[in-house]
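I opened this notebook to record how the chains and their parts meet. The entries follow the order in which I looked things up.

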Amino acid sequence: MKTDLIKNGLLGDYSVTTLDNGLSVYIMEKPGFDSCYAAFGTKYGSINTKFCRNGGEEIEVPAGIAHFLEHKLFESEEGDTFQRFAKTGAYCNAYTSFDRTCYIFSCSSNFSANLDILLDFVQTPYFTAETVKKEQGIIAQEIKMYEDNPGWRVFFNLLRQMYENHPVKIDIAGTVESISEIDDKLLFECYNTFYNPANMFICIAGNIKTAEVLSQIEKNIKKVERVTVKSASFCESKMVKNNFVEQSLEVAKPLFCLGFKDVFSGERLDLKSRTVAGIALELLCGDCSALYRRLQDSGLIDNELSAEHFQGEGYSAFIIEGESENPKAVAEEIKKEIKSFIKNGVDTELLDAVLKAAYGDAVKRFDNTDSIVTDMIDCAISSGGLFDTAHILKEINEQDIIACLSKLTDEASVLSVITPRKEK
Amino acid sequence: MSVKKVDIANGVQGYYIENTRFNTTLITYNFYFPLNSQTMAVDALLPFLLTSCSEQFKDYIDLNIALLKLYGADLSCSVSKCGDCFHTKIGISVINDNLAFDNDKPVGRAAELLSGLIFAPKIKNNEFYPEDTAREKRKTIERIVGEINNKKAFAKTRLFEEMFGDDPYGKFIYGRAEEVEEITEDQLFTAWQTLLSTAFVRINVIGKENPNAVFSTAKQCFENINRKNVADISAVLDVIENDDVKDITERMNVTQGKLAMGFTSRLKGGLKTAAALSVFSDIFGGGPYSKLFTNVREKQSLCYYCSASSRRTKGVLTVESGVEEENVEKAIKAILSELQDMKAGKFDDSVIEASKKAITDSLYSYYDNAAAIDIWYSREIGEDISPLKAAEIVMQVGREDIINAAKGIKLHTVYRLLPKEAN
C-alpha cells in the first residue's frame with residue numbers, strides 16, 4: 001500500500017492511496033462537515049466494447065453491457081440493495097457514462113455500515129439467465145424512452161455524424177438489438193475483466209478518518225488475481241460524415257447542437273488543454289460574450305447557449321447547444337465569430353474576468369462533498385490532482401485561446417437539429 | 001452552527017447563520033406578503049426584472065461581467081408560495097475574502113451589488129424600461145410554456161387550481177401567458193414600491209464572514225423607505241374543506257397518463273404533529289420502502305412512478321403517478337386502499353425506523369449545504385427551530401402519532417390527465 005498526501009492550506013488536504021491489488025483510494029477529510037459522500041467505481045463505460053484481457057486476443061462485445069451491469073449489481077440473492085440502504089437511512093444511486101460506472105451513497109450517520117454495504121454489493125454480482133432476461137425488457141423500455149427525448153436525440157444524432165468508428169456514437173444503454181445479445185455469461189466475463197480492483201477506484205469526502213476508512217476497505221476488498229485490461233483505440237479522421245442532420249420530435253421550438261470534432265494524438269487530452277477549451281467556449285459564446293448579445297438582440301435566441309468540451313479516451317469535441325427558430329443562422333453566426341476571434345484576438349479584460357470566475361468556481365467545488373468526489377473520480381480516470389485546475393488557470397493566455405479556437409473549423413463541424421413535428 | 005438575529009428596520013430582520021465549513025458566503029433577501037390573485041403575475045415577474053439589470057448595470061451583459069469579476073458569484077432569484085404568503089428570494093453566493101486575490105473583499109462587494117439590484121433598479125419617470133420588461137415577459141412566458149410541456153408538473157398545477165378554486169394558493173405562480181402579455185411598466189414600478197415598503201423581510205447571511213457590512217448596507221437602503229404598513233404574515237391559514245370529492249378528467253396529447261390526487265390534512269398541533277405528518281407521508285409514499293412504491297408500483301405494477309409529498313405550510317398532501325389509462329381506476333383504488341391501511345396501523349415497525357432514519361439523515365445534511373440552510377431559515381418564518389431540533393422531534397414520533405396523522409388525511413380532488421382518444 002502506498003499513500004500520497006496532497007496538501008493545500010486554504011482548501012484542505014487529501015490523500016491518494018494505491019492498494020497492493022491496484023485499487024486507487026482518494027479521501028478528503030472534511031472535519032467540520034456532518035455528511036459523507038462515497039463512490040465506488042470502475043473505469044468501464046459504454047465506450048469499452050473492444051478490449052484485451054491480460055494481453056490476450058482482442059474481443060468485441062455488444063454495446064450496453066456496462067449500463068446493464070449497473071442495473072444488475074443492485075440485485076443480490078438476499079434482495080434489493082436499496083432496501084439495505086433504507087435500513088441505515090443513506091441515499092444511494094449509480095450511473096454509467098461513456099468511460100465510467102459509479103455506485104454512490106451519501107449519509108450523515110452510519111458511514112461505516114454504509115461503506116460495508118457499498119463494498120459488498122459492488123463486489124457480489126448476482127445474475128441468472130432469468131433475471132437477465134427480465135432486465136432486457138426493462139432496459140429496452142428505458143432505451144425507447146430516450147428515443148423520444150429531444151435533448152438526448154439532438155446530441156446522439158450529432159455524435160453519429162461526427163464519429164465513424166468510435167463507440168462514443170452509440171447510446172450509453174446500447175440499442176434494443178445489442179442488449180438482446182447480452183446473457184449472463186457475457187455479463188460475468190465483462191464483470192471479471194473491468195470490476196477488478198486494479199481497474200477501480202474509491203473516492204470519499206466527508207467527516208471521516210482516513211486511516212480507519214483505509215483499513216475497512218483493505219479488510220473488505222476481495223482477494224482476486226490482478227487483471228490488466230486494455231481497451232482498443234479507434235482511428236478517427238478529422239472528417240465528419242455529414243455536416244447536417246435533422247429529426248422531428250415533440251418540441252415547441254427547434255433544438256440544436258453545433259459540434260466541432262477535434263482529433264489529437266495520445267489517449268486523452270491533458271488538463272491544460274481541457275481547461276483552455278472550457279475558457280475558450282465561455283469567451284466565444286458565454287453569457288458575457290459579444291456573440292450572445294448579438295444573437296439575443298437579433299431575436300435568434302431567447303435563452304443562454306450551453307457549451308461543453310466533450311472529451312474522453314480517443315474523442316474530443318466542442319459542442320454548443322441551444323434553442324432557436326433558425327438554427328442554421330445561429331450556426332453561421334457562431335462560425336463567423338470563431339473566425340473573428342482568430343483574426344482580431346481576444347478581449348483580454350474579458351479573458352481576465354472569465355479566468356477569475358473559473359478560479360471562483362474551482363474554489364466553490366470544495367464546499368460540497370459530492371462535487372469533491374466527482375472531481376476525484378475525474379482525477380482517478382484522467383490523472384491529475386484536485387488542486388491542479390486552480391494552478392493551470394494562472395498560466396492561460398490569449399495565445400492558448402486562439403490556438404484552441406483554431407481547431408474549430410467548418411469542415412469538422414456538424415449541425416444537429418430537432419424540429420417540431422408538423423400537425424397532420 | 002449558530003444563529004444570530006438583528007433588527008434592521010420595521011419588519012426587516014437580519015439572520016446571521018454562522019457556518020465555518022464553507023469557502024463561500026450566501027446572502028439572500030427574502031420578501032413575504034399576502035398572496036393576491038390579481039397581482040400574482042406582476043409580483044412573480046418583478047424579481048426576474050430586478051436581477052437582469054440595474055441603474056448601475058444597464059444591461060444583462062454588464063451585470064454578467066460584474067459577476068465574473070466577483071470570482072463568478074452566483075446570482076439567484078426565485079418565487080414561491082409559503083402558506084398564504086408570496087415569497088420572493090433574491091440572493092448571491094460569493095467566495096470568502098480569504099480566498100480572493102490581492103486583499104480584495106468580494107463579500108462586501110457582492111452585498112453592495114445585490115442591494116443595488118433591489119433598491120436602485122433601472123427606471124425612468126416611475127416606470128421600468130419597455131425593452132427590459134419585454135425581455136423578461138418573453139422569458140416568463142417560456143417558463144409557463146415549459147410548465148405546460150412538463151406533463152407531470154402540469155397535472156399538479158391543474159390539481160391545485162381545481163382544489164383551491166378562488167383561493168390564490170391554487171393559482172399558477174407565474175400567471176397565464178395572456179396575463180403576462182398585459183403587464184405594464186408602471187404596474188411593475190408599483191409592485192416594486194409595494195414590495196420594499198410593505199413586505200416582511202428576512203435577510204439571511206450564511207458563512208463565516210462577519211455579516212455587519214451586509215446588514216449595515218441593508219439598513220442604509222431601508223432608511224429611505226416608509227415602512228409603516230408592513231404586511232401581517234402571521235395570519236391564520238385558510239384551510240379548504242369539502243364534502244364531496246371533486247373528480248376531474250382532461251385529455252391532451254400525452255403518451256402516458258398522469259394522475260394527481262389532492263388530500264387535506266389537519267394543520268393544528270404544533271411541531272410534533274408536523275413531524276408525524278412528514279413520517280406518515282414518507283411511509284405512505286416517500287422512500288423506497290413506502291407503501292405506494294413497494295405495493296402500487298413494484299408488486300401490482302400499476303404505474304411508472306407513484307409518490308406522495310406534503311406541503312405543511314398549507315396542510316395539503318398530494319399523490320402523483322404516471323399510469324396507463326387502463327390502470328388509472330385500479331391505481332386510484334390501490335392508493336386509497338394503502339391509505340386505509342395506514343389509518344388502520346398496518347405498517348411494520350422496521351419501516352417506521354427506516355423512515356425516521358432517512359428523514360433525520362437528510363435533516364443533518366442540511367448543515368453541509370448553504371442553499372439548503374437558506375431555504376430552511378426562509379421557509380419556516382414563524383418558527384425558529386434548527387434542522388437538528390427538527391430531527392430530535394422526528395425521532396420522538398411513534399406509531400400512534402403516525403396513525404393519527406393518517407386519520408387526518410381526507411381526499412379532496414382527483415385529477416386525471418389522459419391521452420386524447422384515438423379517432
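**Strand pairing in chain B.** I began with Asp247(B), whose bridge partner in S13(B) is Val414(B). The model is predicted, so I noted that local features need pLDDT of at least 70 and side-chain atom pairs count only at pLDDT 80 or more, while totals for chains, interfaces and linings use all residues. Residues are numbered from 1 along each chain as its sequence is written, and chains are lettered from A and ligands numbered from 1 in the order in which they are written.

I take helices (H or I, at least four residues) and strands (E, at least two) as DSSP runs, numbered from the N terminus. Two strands count as paired if DSSP finds at least two bridges between them. Strand S9 (residues 246-252) of chain B runs parallel to strand S13 (residues 410-419) of chain B, with seven bridges. On strand S10 (residues 257-264) of chain B I found antiparallel pairing with S13(B), over seven bridges. There, Phe263(B) has Leu411(B) as its bridge partner in S13(B).

**Domains of chain B.** The bounds, from an automatic or database domain assignment, are domain 1 (2-223) and domain 2 (246-419). I read 30 Å between the C-alpha centres of these two domains of chain B. For contacts I use C-beta atoms, placed from the backbone, within 7 Å. The contact involves 27 residues of domain 1 of chain B and 25 residues of domain 2 of chain B. On the domain 1 side of chain B, H5(B) supplies the largest share, eight residues. I sorted that side by class: 11 nonpolar, eight polar and eight charged residues. Here Ala, Val, Leu, Ile, Met, Phe, Trp, Tyr, Cys and Pro are nonpolar, Asp, Glu, Lys and Arg are charged, and the others, Gly among them, are polar.

**Domains of chain A.** I turned to chain A, which is assigned domain 1 (2-231) and domain 2 (244-420). Their C-alpha centres lie 28 Å apart. I found 40 residues of domain 1 of chain A in contact with 31 residues of domain 2 of chain A. The largest share of the domain 1 side, nine residues, belongs to H5(A). That side has 22 nonpolar, 12 polar and six charged residues.

**Between the chains.** Which helix of chain A gives the largest share of the side that touches chain B? I first noted that the contact takes 33 residues from chain A and 31 residues from chain B. Helix H2 (81-86) and helix H12 (348-364) of chain A each supply at least two residues of the chain A side. The largest share, 10 residues, is that of H12(A). By class, I recorded 15 nonpolar, nine polar and nine charged residues on the side of chain A that touches chain B.

Terms used. Two residues are in contact if their C-beta atoms, placed from the backbone, lie within 7 Å.
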